[in-house]
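Morning, everyone. Please have the sequence and the model open while I talk.

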Amino acid sequence: MAIDYRKRPRIDYRKRPGPEPAGTEPDVRGAGVSLEKVAARAPGLVSLYKSAAVSLAKNRVDGQRAAVYLVLDRSGSMRPYYRDGSVQHLAEQTLALAANLDDDGVVPVVFFSTGIDGTAEISLDAYQDRITPLHDTMGHMGRTNYHVAMQAVIDHYEASGSRDPAFVVFQTDGSPTSKTAAEHVLCTAARLPIFWQFIGFGHDEFRFLRRLDELPVPDRRVVDNAGFFAAGASPKSLTDEGLYDQLLGEFPQWLTAARAAGVVPASLPGSG
């Protein structure tokens, strides 16, 4: 069932929730869905699941828990990437990563262009050939407003009551229509336990995203809460191992910095 982010009240994420009351112990759970469950529910994801696990271990974040989100660009120039299956493939790669990081086997998906074009979920039980049919129901492909998609993720994360940090795979093929708004949301949201991993499809030079990735700390934001890499004009040609290594390249550094700054409590499950 799709989650209608647009009906959720906007939350003032500029104020980070206070610490847990004294004596409150974290709900210590294992991270992720077991390989056996993935094999039973989504055998087509087993190879991706294993590749993601290798990259998590390589980056020393295996055992870490995180709520995973997927944000997908629906600006007009994205049409070829929906048509050739590149976006569907990224969704499957993201779901397999999420199965390692969260035990519900579900990834909320936000489709955006000028505004929020639609929302949905992919899960171990419903992911095959899912993205393009959803995209096809959403009508006109507009401009590229990152900030509306980022706000939708923030609102959903805050409303979910999650005690785990969030890892957002944010796909786009160009710069935002409003650079100022995107930069403002990213900097302000640095006070939240949300890491934004941008991935660029296509030939764009992505100068804005490269600059966004390098915004100074602490002058502009309390921690560096974003990463970026360009997947090129043929995203499906990137190996799964290569994609996961790129996706997770800056996540461990963010976790360390976010814990030091009190953005991610050190006592969260999977933080050891």
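First, the ground rules. This is a predicted model, where local features need pLDDT of at least 70, side-chain atom pairs count only at pLDDT 80 or more, and totals for chains, interfaces and linings use all residues. Numbering starts from 1 along each chain as its sequence is written, and side-chain values use heavy atoms, with hydrogens and water left out.

Helices (H or I, at least four residues) and strands (E, at least two) are DSSP runs, numbered from the N terminus.

Start with α2, residues 46–58, and α4, residues 86–101. Their axes come within 8 Å and cross at roughly 60 degrees. That makes α2 oblique to α4. Angles under 35 degrees count as roughly parallel, over 145 as roughly antiparallel, 65 to 115 as roughly perpendicular, and the rest as oblique. Axes are lines fitted to C-alpha atoms, for helices over the stretch in contact, with angles from 0 to 180 degrees between N-to-C directions.

Who touches whom? From α2, L48, Y49, A52, A53 and L56 meet α4 residues including E92, Q93, A96 and L97. Contact means heavy atoms within 4.5 Å.

Next pair: α6 and α7, residues 179–188. They pack at about 25 degrees, axes 8 Å apart. That makes α6 roughly parallel to α7. This crossing is left-handed. Y146, H147, M150 and I154 in α6 meet A181, A182, V185 and L186 in α7.

On a 1 Å grid over the protein atoms alone, a cavity is a set of points where a 1.4 Å probe fits but cannot get out; a pocket is an open set with protein on both sides within 12 Å along at least five of seven lines; lining residues have an atom within 4 Å of a point. Points are joined across faces, edges and corners, and a volume is the space filled by probe spheres set on them.

The structure holds one cavity of 30 Å³ or more. The largest cavity is about 40 Å³. Its lining is S86, H89, L90, Q93, I199, F201, P235, K236 and L243. α4 gives the largest share, four residues.

Last, the second largest pocket, about 220 Å³. Of its 16 lining residues, A67, D102, D104, S160 and S162 lie nearest the centre. β1, β2 and α6 each supply at least two of the lining residues.

Note on methods: A crossing is left-handed if the near helix is turned anticlockwise from the far one by less than a right angle, and right-handed if clockwise.
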